[in-house]
Amino acid sequence: MSGELIYSTEVGRIKAEKTVAPRPKGDGVVRIQRQVSGRKGSAVSVITGIDLPDDELKKLATELKKRCGCGGTLKEGVIEIQGEKRELLKTLLEKKGFTVKLAGG
């Protein structure tokens, strides 16, 4: 038991405030890497280093998924796009003015 109050007869359920860890500041370079490990052999393009607010990052992720014609997700400031789409993602992000590097294998 952590000792924190979760229910009170006067107020009811008490919602604990979630502490959001701040995302680390990048060096201004967006990195796109291919990941396969832990994904049952399916390749995923992982985009890191984009310093945008969460709502703009979500819009960017949605746009990239539409342009690539595949699924993906946004987890803790990291965009994951399904499939091996690094070259296409690089050109799309460079058109938006980002400095992009292909990282990893």
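Visitor: Which residues of the largest nonpolar core touch the most other members?

Guide: This is a predicted model, where local features need pLDDT of at least 70, side-chain atom pairs count only at pLDDT 80 or more, and totals for chains, interfaces and linings use all residues. Residues are numbered from 1 along each chain as its sequence is written, and side-chain values use heavy atoms, with hydrogens and water left out. A nonpolar core here is a set of buried Ala, Val, Leu, Ile, Met, Phe, Trp, Tyr and Cys residues joined through side-chain atoms within 4.5 Å; buried is under 20% relative accessible area, exposed over 50%, partly exposed in between (1.4 Å probe, protein chains only). Among the 16 residues of the largest one, those touching the most other members are Ile47, Ile50, Leu64, Ile79, Ile81, Leu89 and Leu93.

Visitor: And which element gives the largest share of this core?

Guide: Helices (H or I, at least four residues) and strands (E, at least two) are DSSP runs, numbered from the N terminus. Strand S3 (29-35), helix H1 (54-68), strand S6 (78-82) and helix H2 (86-95) each put in at least two residues. The largest share, 5 residues, belongs to H1.

Visitor: What is Leu89 in contact with, beyond its neighbours within four places in sequence?

Guide: Leu89 is one of the buried residues of H2, along with Arg86, Leu92 and Leu93. Seen down the helix axis, these fall within an arc of 130° (taken from the directions from the axis to the C-beta atoms), so they line one face of H2. Counting contact as heavy atoms within 4.5 Å, Leu89 meets Ile32, Ser45, Ile47, Leu64, Cys68 and Ile81.

Visitor: Which residues are exposed on the other side of H2?

Guide: The buried residues of H2 have a cover that includes S3, strand S4 (44-48), H1, S6 and strand S7 (99-103). The exposed ones on the other side are Glu87 and Lys95.

Visitor: In S6, what is the bridge partner of Ile47?

Guide: Two strands pair if DSSP finds at least two bridges between them. The partner of Ile47 is Ile79.

Visitor: Which element has the highest mean pLDDT?

Guide: pLDDT is the predictor's confidence in each residue, from 0 to 100. The protein averages 83, and 85% of the residues score at least 70. Strand S1 (residues 7-8) has the lowest mean, 71, and the highest, 92, goes to H2.
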